[in-house]
Amino acid sequence: FAAALQRLRWQPSDPDDESWEKEQPNKLFRLSDRTGKLKMTLEAEGVIQLSKLDSSDVFVLDAGSELFVWVGKGASAREKQEGMQFALQYAREMKRP
């Protein structure tokens, strides 16, 4: 995951992709059930620092043309089970392939 964060600004071969990438800021979302209800909240936007990750939760990184799901070691069973579903739902809502 750390390597993915370091290569977020890859060079797409399609010029349309390149212009789209420049318009879309990276976004990091936290999936947590700490309050008793599972919800996804925006944690950071733009340049994402590894220090934003918390091993007690699941995170979804929207890197423009790619989505990554990071599961923290201490994430709850519910967070682990539903992390990918939240990422897929997000991808559909944002009209991502």
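**Close-up views of a predicted model**

**View 1. Surroundings of Val-60.** Val-60 touches Lys-27, Leu-28, Phe-29, Met-40, Leu-67, Phe-68, Val-69, Gly-83 and Ala-87, leaving aside residues up to four places away in sequence; a contact means heavy atoms within 4.5 Å. This is a predicted model, in which local features need pLDDT of at least 70 and side-chain atom pairs count only at pLDDT 80 or more, while totals for chains, interfaces and linings use all residues. Residues are numbered from 1 along each chain as its sequence is written, and side-chain values use heavy atoms, with hydrogens and water left out. Val-60 belongs to strand β3 (residues 58–62). Strands (E, at least two residues) and helices (H or I, at least four) are DSSP runs, numbered from the N terminus. With a relative accessible area of 0%, Val-60 is buried. Buried means under 20% relative accessible area, exposed over 50%, and partly exposed in between (1.4 Å probe, protein chains only).

**View 2. Val-60 and Met-84.** The C-alpha atoms of these two residues, Val-60 and Met-84, are separated by 8.6 Å. Along the chain, the two residues are 24 residues apart.

View 3. Side chains of opposite charge can pair when their charged atoms come close. A salt bridge is a side-chain nitrogen of Lys or Arg within 4 Å of a carboxyl oxygen of Asp or Glu. By this rule the count comes to six salt bridges. In one of them, the side chains of Arg-30 and Glu-43 meet at 3.2 Å, N to O. This pair links distant parts of the chain, with Arg-30 in strand β1 (residues 27–32) and Glu-43 in strand β2 (residues 39–45), 13 residues apart. Arg-30 is buried, at a relative accessible area of 14%, whereas Glu-43 counts as partly exposed at 29%.

**View 4. The salt bridge between Asp-57 and Arg-30.** The side chains of Asp-57 and Arg-30 also form a salt bridge (2.5 Å, N to O). Asp-57 lies in the loop between β2 and β3 and Arg-30 in strand β1, so that the pair links distant parts of the chain, 27 residues apart. Both Asp-57 and Arg-30 are buried.

**View 5. The salt bridge between Arg-34 and Asp-54.** Here the side chains of Arg-34 and Asp-54 meet at 3.7 Å, N to O. Arg-34 lies in the loop between β1 and β2 and Asp-54 in the loop between β2 and β3, so the pair ties together parts that are 20 residues apart in sequence. Arg-34 counts as exposed at 58% relative accessibility, and Asp-54 as partly exposed at 25%.

**View 6. The network.** Salt bridges link Arg-30, Arg-34, Glu-43, Asp-54 and Asp-57 in a network.
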